[in-house]
Amino acid sequence: MNRKPLRVAIAGCGSIATTKHLPFWRELAMEDRVTIAAVCDLDRDRAQACKDAFGAEAAYTDYDTMLEDAKLDIVDVCTHNRLHSPFSIAALNGGCHVLVEKPMAMTAKEAADMVDTVHATGRKLMVAQHMRFEAHAEKLKAVIDTGELGNIYTARAYWLRRRGIPGWGKFHIADESLGGPLIDIGVHLMDLCLWLMGSPKPVAASGQVYRMFGDREDLVNAGWDIRYPRSEFDVEDFATALIRFENGVTMNAEFSWAANIPQETLGVHVLGDKAGVSTSPLGIYGAKHGTLTRTTFDWLPEQEGHRGEIRHFTECVEEDLPVRVQPEESLYIQKIIDAIYRSSEAGRELPIE
Ligand SMILES: NC(=O)c1ccc[n+]([C@@H]2O[C@H](COP(=O)([O-])OP(=O)(O)OC[C@H]3O[C@@H](n4cnc5c(N)ncnc54)[C@H](O)[C@@H]3O)[C@@H](O)[C@H]2O)c1
């Protein structure tokens with residue numbers, strides 16, 4: 001079918017935009033499905049370099065001017081986290097569909113405002129949870145959807161880095177980014193875990209966060225360059241939590257940018273009364289024929305999650321289909337994050353409204 005290419009703009013020309021978004025938008029541009037209509041960054045040189053490298057029609061330094069001028073269908077928000085909600089809402093109100101990097105917002109209130117704006121405008125919004133588009137995740141979801149696990153009662157999401165504090169950008173500043181590993185890497189694993197669990201409604205959280213390394217002058221970050229003054233670091237570098245969902249289902253969560261552990265580990269386990277699944281080691285675990293069993297996958301397709309997410313979002317806009325990462329699911333995650341930080345301060349479990 002002949003249709004006009006969708007006009008896409010990318011807000012924020014930093015690391016994720018240039019390495020994981022623009023290359024895949026350019027692929028779609030080469031297929032005539034999109035036009036990279038504009039790129040925008042506060043830093044003029046960065047915006048211009050991005051325009052040149054990815055063949056955008058125009059480069060802007062002011063987001064509102066871009067929204068007014070560029071006649072856009074899609075805005076891809078790749079700025080640091082403080083701008084996710086205001087930029088997304090402005091784009092939705094301007095008639096655009098929005099792909100926005102994780103975490104959805106700085107607070108559950110901001111995230112709820114985004115969901116309300118989606119409903120008010122009838123536009124689509126998807127948080128860029130690329131892990132849902134990786135081959136093993138799709139396979140496990142398909143297995144779970146057959147009912148093979150029985151009743152799912154508990155799960156675990158974890159990503160523990162021994163050392164790996166992001167030293168660039170604004171990851172280390174709470175006012176710009178909200179938090180540390182919980183909202184940076186934890187949000188990916190929690191999103192994947194909740195999706196595999198069937199997106200249950202969270203009702204309470206007990207969490208504790210710690211800042212043990214990131215502000216220390218003697219920090220050894222094992223090859224990760226640290227460019228920030230240590231005194232600026234005011235987010236956590238370790239987070240642990242127990243989340244309760246409706247019907248007594250639970251999720252245990254643990255995330256670090258730095259911890260004195262033997263090695264980095266990450267994954268999700270989802271446990272049912274008939275079987276469980278794990279991403280690491282990948283498989284389905286249970287008991288059959290009077291013994292313990294595991295099913296692994298000898299072959300899965302090569303699938304880059306970011307490419308899958310961008311192609312999926314484009315198809316949803318082209319064909320008016322529901323997006324895989326529903327904004328209401330991302331609001332659940334944001335409520336969990338809010339509750340973990342509040343619980344950590346209060347020193348006790350707190351309800352999630
Ligand atoms: N999905 C993933 O795996 C993944 C990985 C890394 C980062 N991220 C997310 O991507 C986002 C950006 O991270 P990054 O590592 O690219 O950060 P970055 O600091 O490299 O890039 C952010 C860019 O936004 C620009 N910017 C700031 N204010 C702006 C404004 N008002 N208008 C236009 N541009 C503005 C900055 O100049 C910078 O170029 C964050 O939300 C982060 O959580 C996602």
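Let's start with helix H11, residues 327–346. At 1.5 Å a residue, its 20 residues should span 28 Å, and the end C-alpha atoms do sit 28 Å apart, so the two agree. The expected span here is 1.5 Å times one less than the number of residues. Helices, by the way, are DSSP runs of H or I, at least four residues, numbered from the N terminus. Just past H11, Gly 347 takes a positive phi of about 75°.

Before I go on: this is a predicted model, where local features need pLDDT of at least 70, side-chain atom pairs count only at pLDDT 80 or more, and totals for chains, interfaces and linings use all residues. Residues are numbered from 1 along each chain as its sequence is written, and side-chain values use heavy atoms, with hydrogens and water left out.

OK, the ligand. What surrounds it? There are 24 residues around the ligand, and the closest are Ile 16, Asp 41, Arg 46, Asn 81 and Lys 102 (a heavy atom within 4 Å counts as near). Now some N or O pairs, with a polar contact being a pair within 3.5 Å. The side chain of Asn 81 puts an N or O atom 2.5 Å from a ligand oxygen. For Thr 79, a backbone N or O atom lies 3.2 Å from an oxygen of the ligand. Glu 101 has a polar side-chain atom 3.2 Å from a ligand nitrogen. Taken alone, the ligand exposes 840 Å², and the protein buries 86% of that (Shrake-Rupley areas, 1.4 Å probe).

On a 1 Å grid over the protein atoms alone, a cavity is where a 1.4 Å probe fits but cannot get out; a pocket is an open set with protein on both sides within 12 Å along at least five of seven lines, and lining residues have an atom within 4 Å of a point. Volumes are the space filled by probe spheres set on the points.

The largest pocket holds about 1,100 Å³. Of its 42 lining residues, the closest to the centre are Ile 16, Cys 78, Thr 79, His 80 and Phe 171. Which helix gives the most to that lining? H1 does, with four residues.

And back to H11. There's one cavity of 30 Å³ or more, and the largest cavity has about 30 Å³ of space. H11 supplies the largest share of its lining, three residues. The residues lining this cavity include Ser 330, Ile 333 and Gln 334.

Methods
Helices (H or I, at least four residues) and strands (E, at least two) are DSSP runs, numbered from the N terminus. A polar contact is a pair of N or O atoms within 3.5 Å; within protein, one must be able to donate a hydrogen and the other to accept it, and residues adjacent in sequence count only if both atoms are side-chain atoms.
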